[in-house]
Amino acid sequence: MQYSYAENVTSFESALAKVQSYQTQDKPWQQVQQISELNIQQSRLWQNPSISLEQSGFGSGQEQEFNVGVSQPLDLFGQRKLNRVIANTSNQQIQLQQQLWKAQSQLIVKFAWSQFALAEVEQSAYSVQLKTSKVNLDSAQKRYQAGSIALVDFERAQIEALEIQRLYEQAMLNKQAAGRQLSNLWGGETSSHLQLNKTAIPWPEQSLQTVQRYIAEGWLEKLYALNIQQSDHQIENLRIQARPNPTLNVGMKRSKTPNESNDTTLAIGVAIPLNIFNRQQYAIPMVQQQQILLNQQQQRELKQQILDIANSMHQLKGLRSQFDATTAQVTLATKVQSRTLLGFQAGKLSITDVQQATTQLQNLRLGQLQILRQAWQTALAAEALSIGTSYEEISRSDAYTQLNKKAVEASQNLINGGAR
């Protein structure tokens with residue numbers, strides 16, 4: 001997905017497109033896929049033969065003998081075929097891990113974007129509150145100059161305005177930090193403008209559909225099933241090792257006596273190992289028990305993930321109800337504050353009444369913002385669970401760096417004998 005760095009970021013989709021355009025330059029999983037294909041080719045190779053050379057008798061008056069032999073391990077029990085099966089299973093694991101990697105990368109971008117969107121909401125809330133406090137201050141100044149209120153009342157209005165100014169500047173810093181964190185995902189380039197749609201509430205509307213889609217894909221179930229298959233292959237590999245796989249030996253012996261007569265003999269033999277003491281009789285049960293534990297653990301994880309996701313979706317629904325209720329409260333509190341200010345300007349109410357109404361409005365706005373933050377955390381946690389990761393993983397400042405490490409680990413597992 002191509003994206004110009006000069007374009008503005010106005011939504012999660014535009015931010016994701018920009019990150020993908022930058023991050024795919026390294027193409028880590030394409031390199032892992034190439035390693036996986038090479039691993040498949042490697043599994044098709046035969047074992048190397050060995051050659052031996054031996055000579056005895058070097059003097060002219062001695063009987064001389066020269067031996068040359070070639071040994072080739074045979075594959076009577078399907079070791080080479082099993083290697084190919086293991087390599088193909090590893091390739092399937094890599095493909096599933098790549099899908100999970102893409103989903104997690106999108107989730108990392110969504111987290112960074114949500115933090116910037118929330119910072120935008122916070123800054124907007126304090127911006128409105130700042131305007132309100134300035135109107136309060138102007139009204140208090142006019143009444144003080146008219147001698148209608150005491151100096152201490154005017155100073156209270158000044159203190160309130162200064163505090164809102166400080167909180168507004170703090171919100172601006174938070175927004176700038178969130179913007180830098182988001183822009184770091186496309187290389188730290190900050191010349192592009194981050195301009196979100198302020199009229200739309202940044203509620204995680206699509207989280208339920210995203211979770212349902214990830215669960216329907218069944219990536220984790222398929223990956224867990226392949227893990228069990230790899231365990232089965234490991235058991236089969238041990239059984240093959242327990243069988244007496246023979247080695248074919250072909251040799252030629254040439255003898256030379258002192259009277260210059262030569263004798264050449266061709267020898268063919270088979271070396272069969274005696275698996276008397278080590279028949280993998282303990283290794284196989286160990287892997288079988290490990291397989292049982294692995295299967296039980298994976299099933300517990302899947303069950304717990306579904307339960308946690310259901311709880312998160314239920315909580316998200318409740319948070320939406322709270323958010324809507326708070327929206328109605330903010331609307332009502334805005335009217336109360338406006339009427340209280342008019343009453344103060346008319347000399348019917350005190351500055352304390354105005355400050356109480358203004359503080360109530362501010363607390364409701366901050367409470368609404370807190371509900372919005374909790375909703376995003378709950379939604380992102382559910383999405384993370386649906387792809388086998390956690391909110392803590394996607395919210396790290398180096399989340400993308402840690403994600404790319406998974407590609408390196410996957411390639412190392414291939415080189416060490418198969419993805420796990």
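Q: How many salt bridges does the structure hold?
A: This predicted model holds 8 salt bridges.

Q: What makes the contact between the side chains of K175 and E120 a salt bridge?
A: The N to O distance between K175 and E120 is 2.7 Å. The cut-off is a Lys or Arg side-chain nitrogen within 4 Å of a carboxyl oxygen of Asp or Glu, so the pair qualifies. Side chains of opposite charge can pair when their charged atoms come close.

Q: Why is K175 called buried?
A: K175 has a relative accessibility of 18%. Buried means under 20%, so K175 counts as buried. E120, at 6%, is buried by the cut-off too.

Q: What makes R156 and D153 a salt bridge, and where do they lie?
A: Their side chains meet at 3.5 Å, N to O, and the limit is 4 Å, so the pair counts. Both are in helix α4, 3 residues apart, which means about one helical turn separates R156 from D153.

Q: Are R156 and D153 buried, partly exposed or exposed, and how do you know?
A: R156 has 38% relative accessibility. That value falls between 20% and 50%, so R156 is partly exposed. D153 has 17%, under the 20% limit, and therefore counts as buried.

Q: Why are R320 and D324 called partly exposed?
A: The relative accessible area is 25% for R320 and 40% for D324. Salt bridges that share partners join E205, R320 and D324 into one network.

Q: How do you know that α2 is roughly parallel to α10?
A: Helix α2 (residues 28-43) and helix α10 (residues 399-415) pack at an angle of about 5°, with axes 9 Å apart. Angles under 35 degrees count as roughly parallel, so α2 and α10 get that name. Among the residues that meet are W29 and V32 in α2, and A407 and L414 in α10.

Q: Which residues form the nonpolar patch on the surface?
A: I51, L53, F66 and V70 form the patch, with about 390 Å² of accessible area together. The elements that give two or more residues to the patch are β1 (50-56) and β2 (64-73).

Q: Why is L53 called exposed?
A: L53, in strand β1, has a relative accessible area of 60%. Exposed means over 50%, so L53 is exposed.

Definitions and conventions
Residues numbered from 1 in each chain as written. Predicted model: local features only at pLDDT ≥ 70, side-chain atom pairs only at ≥ 80, totals over all residues. Heavy atoms only, no water. Patch = residues over 30% accessible without salt bridge, like charges linked within 9 Å, V, L, I, M, F, W, Y side chains within 5 Å. Areas by Shrake-Rupley, 256 points an atom, 1.4 Å probe, with all protein chains shown as cover. Helix = DSSP H or I, 4+ residues; strand = E, 2+ residues; numbered from the N terminus. Buried < 20%, exposed > 50% of the residue type's maximum accessible area, 1.4 Å probe, protein only. Axes fitted to C-alpha atoms, helices over the stretch in contact; angles between N-to-C directions. Parallel < 35°, antiparallel > 145°, perpendicular 65-115°, else oblique. Contact = heavy atoms within 4.5 Å.
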